[in-house]
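Here is a short briefing on a single chain. It starts with aromatic rings and then turns to the fold as a whole.

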Amino acid sequence: MEVIVRPDADSAAALAARLIAARLRAKPGLVLGLATGRTMERLYATLGSIQLDFSGCSTFNLDEYIGVPAEDAHSYRSYMNRHLFSRVNINLAQTHVLDGMAPDLGLEAARFEARIREAGGIDLQVLGIGEAGHIGFNEPLSALMSRTREKALTPATRQQNAAMFGGDPVKVPARALTMGVGTILEAREILLLATGSAKAGVLAKAVEGPITAMISASALQLHPRCKVIVDEAAASALTQRAYYDWVFHNEPEWADYR
Ligand code: GLP
C-alpha cells in the first residue's frame, strides 16, 4: 500500500483523476470499478473536464440501495449518470450498476459477479471510505472473503448518508446490494480516495491498524497494488507521514505526478 498526501481535497481528487486518466490512455478498454459519495463528486467533475476517451471503457459500481428505482434521483445509478456518465463519452450499455429493484436480489448479485468475470475482471477499482471504515457497503463484520450480496446498513451509515435524503436517516434505505470485500480485492489495482477530517481516525485505523472485519477497508492492506490518496485533513491521524512523503517524492513511479 502507498499513501499519498495532497494539500487539499481538490488536489487529492486531481491526482486521483490523473492516475485514472493514465490507466485509461494506456488501456482504452479499461474495466473500471466506481464508487459513489460526496468525495467522488470532485473526482468525477475533474474526469469530466479533461480530454479522455471513455468509449471503450466499461464500469462496475460498488453498490446500490435496495428498493430505490434506477430513475429515482437517490439511486446510485442516477448519481453516476449525473456526476460522471453524462459528462464523458461512455457507452451507457457498458456501465453496470446493481439493480436494487431486482425481484431476486441473490440472483442479481450472482449475475453482477458473472458480468465482472466476463469483462475479464476489474483493472482499477476506485473506493471511498465510510466513517465506520466500510468500502462499498461492507459494514462492520463483513467477511473479508465476502462476495456481492445484500447487506443491512448500520445506523451510523444511514446517518452519514442522510444529507442526500433531506437530512432524515430514516429515509435512507435500510439495505443495499454491495460488492463483497473479496470481490473488491480481486481488482488488479485499487485507488482509495479520502478527504476531510471526519475520515482521519478511521483512515489511520484502516491503513496502519490491524486487519479486521470491523473495518473492511483494513483488508486493503492485503492488496499488492493499492494506492491511498488523501488530503491533509484526512491524513492528520497517520503516524508514518514522513515515510509516505519520502516515497512520493523519491520513487520513480510517482515522477510524473509530483
Ligand atoms: C457510501 C458508499 C461508499 C462511500 C461512502 C463515503 O456509504 N457506499 O462507497 O465510500 O459513502 O461517502 P462520502 O464520500 O460521502 O463520505
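Ring pairs join Tyr 44, Tyr 65, Tyr 76, Tyr 79, Phe 137 and Phe 165 into a cluster. Rings of Phe, Tyr and Trp (its six-membered ring) pair if their centres lie within 6.5 Å; planes under 30 degrees apart are stacked, over 60 edge-to-face, the rest tilted. The model is predicted: local features need pLDDT of at least 70, side-chain atom pairs pLDDT 80 or more, while totals for chains, interfaces and linings use all residues. Residues are numbered from 1 along each chain as its sequence is written, and side-chain values use heavy atoms, without hydrogens and water.

**Aromatic pairs**
- The whole structure holds ten aromatic pairs.
- Tyr 44 and Tyr 79 are edge-to-face, because their planes stand at 70 degrees, with ring centres 6.4 Å apart.
- Helices (H or I, at least four residues) and strands (E, at least two) are DSSP runs, numbered from the N terminus.
- Tyr 65 and Tyr 76 form a tilted pair, 4.8 Å centre to centre and 45 degrees between planes.

**Burial**
- Tyr 44 is buried at 0% relative accessible area, and Tyr 79 is buried at 6%.
- Buried means under 20% relative accessible area (1.4 Å probe, protein chains only).
- Tyr 65 and Tyr 76 are buried too.
- Buried residues make up 54% of the 258 in the chain.

**Overall fold**
- The chain has nine helices and ten strands.
- Its C-alpha trace spans about 50 × 40 × 35 Å along the principal axes.

Methods
Buried < 20%, exposed > 50% of the residue type's maximum accessible area, 1.4 Å probe, protein only.
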